[in-house]
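Please keep the sequence and the coordinates open while reading.

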Amino acid sequence: MNVSRTISGIRGDLTGLRPKHVGFVPTMGALHEGHISLVEKAIELCPVAVVSIFVNPTQFNDKEDLNKYPRTEDADLDLLRKVIREDDAVFIPEVEEIYPSEDKRVFNFGNLEKVMEGLHRPGHFNGVAQVVTKLFDIVEPDYAFFGQKDFQQLAIVKELVRQTGSKVKIISCPIIRESDGLAMSSRNRLLEPEIRKNAGIIFRTLNQAAELAKEREIPEIRKHVERSINSTSGFSLEYFEIVDDKQLLPVTDRSQFHKENNYFCCIALRAGKIRLIDNMEISLL
Ligand code: PAJ
């Protein structure tokens, strides 16, 4: 396993391996089975896999969130060692390596960034776009793997690739969950034990919402979700939306459902002091 901390290091590692296809999994570390599922997919599809571990400061709109973001490099490398092959590489740059000077680029994702996470975390997706374009320039992958856990990020990254004319193919990977349905997340390890015990409510509520969406009106579904989350001690709902997966337009009335689109229930909430997001597809049939 090659571990590089510099751009020239990772470029050097990869030069000797091309033209083999390179699959890239960008992460912020504190790795869990969700991340590993992406790495396994990259290994399955590509002769060379690169995993980056970089807590990107420009995508944190909340300084405290950035400061307390878990950093577990040794454990991350132990997990990766179990799955990755000799030619695969891990890239762990310092902030100065990626941002030798301030990145002033401003991206425009139109409606995609005006809803949900874009609305509630101003600047977040601009930061994601800054780091993803930089990492793509460094790694020059043929494929890049992203989780459906970050539903809106996936739509933004696909749009970014379209706008920049990048040749990278984006592969979306399903959400990996704990046994009580809680979507795996690096932030889960920050949950207080009492909160963690009740966190299965998120998956149960999403299941109920996706089921209700087959016949009930949107305000009724929203009310159910609000009641379910807010009545759980320590939990409070930030937003709940039903959106399509292309334009992310919030559905406000059932008549807006179209058979040819895919719709998702998306949720953001506070679980104690920790902010979590999750989503679930609705099968309208
Ligand atoms: P991070 O939160 O570390 O997630 C890295 C990748 O793992 C993302 O594509 C995310 O969607 C995926 N992932 C996280 N939890 C998952 C789960 N339970 N099941 C499946 N996939 C999961 O997302 C980021 O980092 C950053 O924004 C990044 C893209 C690296 C840019 O800084």
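Glu159 forms a salt bridge with Arg162 (a side-chain nitrogen of Lys or Arg within 4 Å of a carboxyl oxygen of Asp or Glu), and the closest N and O atoms of this pair are 2.9 Å apart. Both residues belong to helix α8 (residues 151-164), where they are 3 residues apart and therefore separated by about one helical turn; helices here are DSSP runs of H or I with at least four residues, strands are runs of E with at least two, and both are numbered from the N terminus. Glu159 counts as buried at 16% relative accessibility, whereas Arg162 is exposed, with a relative accessible area of 59%. In these terms, buried means under 20% relative accessible area, exposed means over 50%, and partly exposed lies in between, computed with a 1.4 Å probe and protein chains only.

The model is predicted, so local features need pLDDT of at least 70 and side-chain atom pairs count only at pLDDT 80 or more, while totals for chains, interfaces and linings use all residues. Residues are numbered from 1 along each chain as its sequence is written, and side-chain values use heavy atoms, with hydrogens and water left out.

**Other salt bridges**

Side chains of opposite charge can pair when their charged atoms come close. A search of the whole structure finds 22 salt bridges, and among them is the contact between the side chains of Glu64 and Lys68, at 3.8 Å from N to O. Glu64 and Lys68 are 4 residues apart in helix α3 (residues 63-68), which means that about one helical turn separates them; Lys68 counts as partly exposed at 29% relative accessibility.

A further salt bridge joins the side chains of Arg222 and Glu241, at 3.0 Å from N to O. Because Arg222 lies in helix α11 (residues 218-230) and Glu241 in strand β7 (residues 235-244), this pair ties together parts that are 19 residues apart in sequence. Arg222, at 25% relative accessibility, counts as partly exposed. Elsewhere, a network of salt bridges links Glu117, Glu238, Arg270 and Arg275.

**Strands β7 and β8**

Strand β7 is largely enclosed by the rest of the structure, because 8 of its 10 residues are buried. It pairs with strand β8 (residues 263-271) in the antiparallel sense over 9 bridges, where pairing requires that DSSP finds at least two bridges between two strands. Within this arrangement, Tyr239 stands opposite Ala268 in β8.

**The ligand and its surroundings**

Which residues come nearest to the ligand? Of the 20 residues around the ligand, they are Gln59, Asp150, Gln153, Ile176 and Met184, a residue being near if one of its heavy atoms lies within 4 Å of the molecule. The shell around the ligand divides into 10 nonpolar, 8 polar and 2 charged residues; here Ala, Val, Leu, Ile, Met, Phe, Trp, Tyr, Cys and Pro count as nonpolar, Asp, Glu, Lys and Arg as charged, and the others, Gly among them, as polar. At least two residues of this shell come from each of β2 (22-27), α2 (33-45) and β5 (143-147), and α2 gives the most, with 3 residues.

The table lists polar contacts, each a pair of N or O atoms within 3.5 Å; within protein, one atom must be able to donate a hydrogen and the other to accept it, and residues adjacent in sequence count only if both atoms are side-chain atoms.

| Protein atom | Ligand atom | Distance |
|---|---|---|
| Met28, polar backbone atom | oxygen atom | 2.9 Å |
| Gln59, polar side-chain atom | oxygen atom | 2.6 Å |
| Met184, polar backbone atom | nitrogen atom | 2.9 Å |

The protein covers 96% of the 630 Å² of accessible area that the ligand has on its own, with accessible areas taken from the Shrake-Rupley method with a 1.4 Å probe and, for residues, only the protein chains shown counting as cover.

Ser37 lies in helix α2 and counts as buried at 19% relative accessibility; its side chain reaches the backbone oxygen of Gly34 at 2.6 Å. Gln130, in helix α7 (residues 124-139), counts as buried at 5% relative accessibility, and the side chain of Gln130 reaches the backbone oxygen of Asp103 at 3.1 Å.

Ser101 is placed in the loop between α5 (95-98) and α6 (116-120), and at 51% relative accessibility it counts as exposed. Ser101 and Cys173 are 72 residues apart in sequence and 33 Å apart in space, C-alpha to C-alpha.
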